[in-house]
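Have the viewer open and try each task before reading on.

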Amino acid sequence: MDYELRRAREKLNKEQNERKEIARKRLERERKAKEEPRKQREALDAERSRRVFDAEQAQIKADDEMQESLLVGRGIVFCRVLEAVACQGSGDKIKLPVSCFNELSEGGAFDKGPLYFKLSVVHQEGKSDVVDEKEKSWSTHSGVLEFTADEGFVGLPPHVWQNLFPGDAPAIPLIEVRYVWLPKGTYAKLQPLRVGFSDLPNHKAILETTLRQHATLSEDDIFVVNYGDLVYKLKVLELKPSSSVSVLETDIEVDIVGPDAAVENSHDNVLKPLTFGKSEFGMVDEGHYTYYKFSIDIATWETIASGDATVEVRIEPETNSGDSDIYISKHPLIFPTRHQHEWSSHDIGSKTLILSSKDKSLEAGTYTLGVYGFKGETKYHVSVNVQDVRNQKVGQKVASSTSSMDVDTVECKNCKRYIPSRSIALHEAYCSRNNVVCQHTGCGVVLRVEEAKNHVHCQKCGQPFHQEEMEKHMKVFHEPLYCPCGIVLEKEDMVQHQASVCPLRLVPCRFCGDMVQAGSSAIDVRDKLRGLSEHESLCGSRTAPCDSCGRSVMLKDMDIHRVAVHQKN
């Protein structure tokens, strides 16, 4: 009986629990059914509020951009998104389509003076998941060259392209072109990205010539300065009065700081200083140059000019080292080569160059010594010394006076030297057995018998050499050399050609001070008669105010103006 009651009670409890669970679940479903519409309403309200907020923010941003455009554009608003294409040209002047000309003209931009634009890279969503913050902010400034670009495109010269796309450009590079007004620059701090720029002669004149092709400068921009075949990149560190300035018709104070310490000094074209009387160790690979510089001051030059001293340049290779040549030039030729130099030595082993007052090219100034690796890796010690030759002069005078007193001499039939008559018989017997005379026309040098077999003459120039030196002589002096202007000459003729004839040689412009290619003669007959080159004819056409009257006169006519108007020489 108790068992049945217990079973009935358990069954009743189970049924009650099941009914409660069913009721709970029904209530849960009803609650969820009521909660879902509420959440949807809240989501819709939130989305509506977000859209309203975004619209308000967009309007505020648009108003700010409009105010900014009005401010930076001095009341002119111009902004276009164009696809960038590379175009040829130097400097920072871009090419825009004709529609931009019409819009700028209607807005009165041409009445405000030169046109300047801010160029910014437009980041395209979806092109990459990770975008560097710096990449988003890539921008620079430019002027405009012409309005001849295709519609929807903007032509960027190499300078602008490299500053906007330092790495790989996107498949469709989009650029925002915005008209801005820029103040005239008053100060710029520049940093070369490689060593050696400050060694260029009159490097500020070279920099001025390069900046003449630019309309603007912006901080963090990198621009290129060319000096012959050499290329130097300079980074803009600081500008005043703003981070972007105009460089048209303005005088800018320029500071050039040294390159970053992290820059690797691995370039051939670097001048290492040499001190008189101090030896320096160096190493050069085959086919490469190592350059040094030394200066002759006024006091030293006066001693040399009087004939009391000479400059001795010596290079001593280490044992079992390669072979090298040395070339010397006077600035402004700062990097002498096999083709361009004023002094050279091609001896095998130790080399010594003596520069004296007899050399017409020698004077006070700065000189460059180039060590060229002719064969293998060469380790050497190089030195430049000022040698006092006054004692040598005294010795020569004593020797000449002594020889003049010894008048009882006879000429040896073999070596042609004058020997005292009392010993001539003994000398001729010894000389005929041990010495021979070179029979080559114009030579006549007396050689030891064992040395005669190694004494040879060049078949082209007739110069005498040791047998081991002939291979190098033929390679250095008689191997055809190709000038960039297209002429093929041997070494001696090539040096003369590139020093005075080659149209591609670098010469200093008398007006801008820059080192420019000589080019051909001026087209204008009047300029040609005055000896102006093609570059000088164009460069001298620039005007500058006369110091006396303030009148604008062409640079090439300034001397005539001063004589004719102000009676000044």
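**Exercise 1.** Find the helix that holds Lys11, and decide whether Lys11 is buried or exposed.

*Solution.* Lys11 sits in helix α1, residues 2-72 (helices are DSSP runs of H or I with at least four residues, strands runs of E with at least two, numbered from the N terminus). This is a predicted model, where local features need pLDDT of at least 70 and side-chain atom pairs pLDDT 80 or more, while totals for chains, interfaces and linings use all residues. Residues are numbered from 1 along each chain as its sequence is written, and side-chain values use heavy atoms, without hydrogens and water. Next, the relative accessible area of Lys11 is 55%, so Lys11 is exposed (buried is under 20%, exposed over 50%, partly exposed in between, with a 1.4 Å probe and protein chains only).

**Exercise 2.** Work out how Glu42 and Arg38 are paired and where they lie.

*Solution.* Their closest N and O atoms are 2.5 Å apart, a salt bridge (a side-chain nitrogen of Lys or Arg within 4 Å of a carboxyl oxygen of Asp or Glu). Both residues belong to helix α1, four residues apart, about one turn of the helix. Glu42 is partly exposed at 43%, and Arg38 is partly exposed at 34%.

**Exercise 3.** Which elements does the salt bridge between Arg80 and Glu103 tie together?

*Solution.* Start with the contact: the closest N and O atoms of Arg80 and Glu103 are 3.2 Å apart. Arg80 is in strand β1 (residues 79-86) and Glu103 in helix α2 (residues 98-107), so the bridge ties together parts 23 residues apart in sequence. Finally, Glu103 is partly exposed, at 32%.
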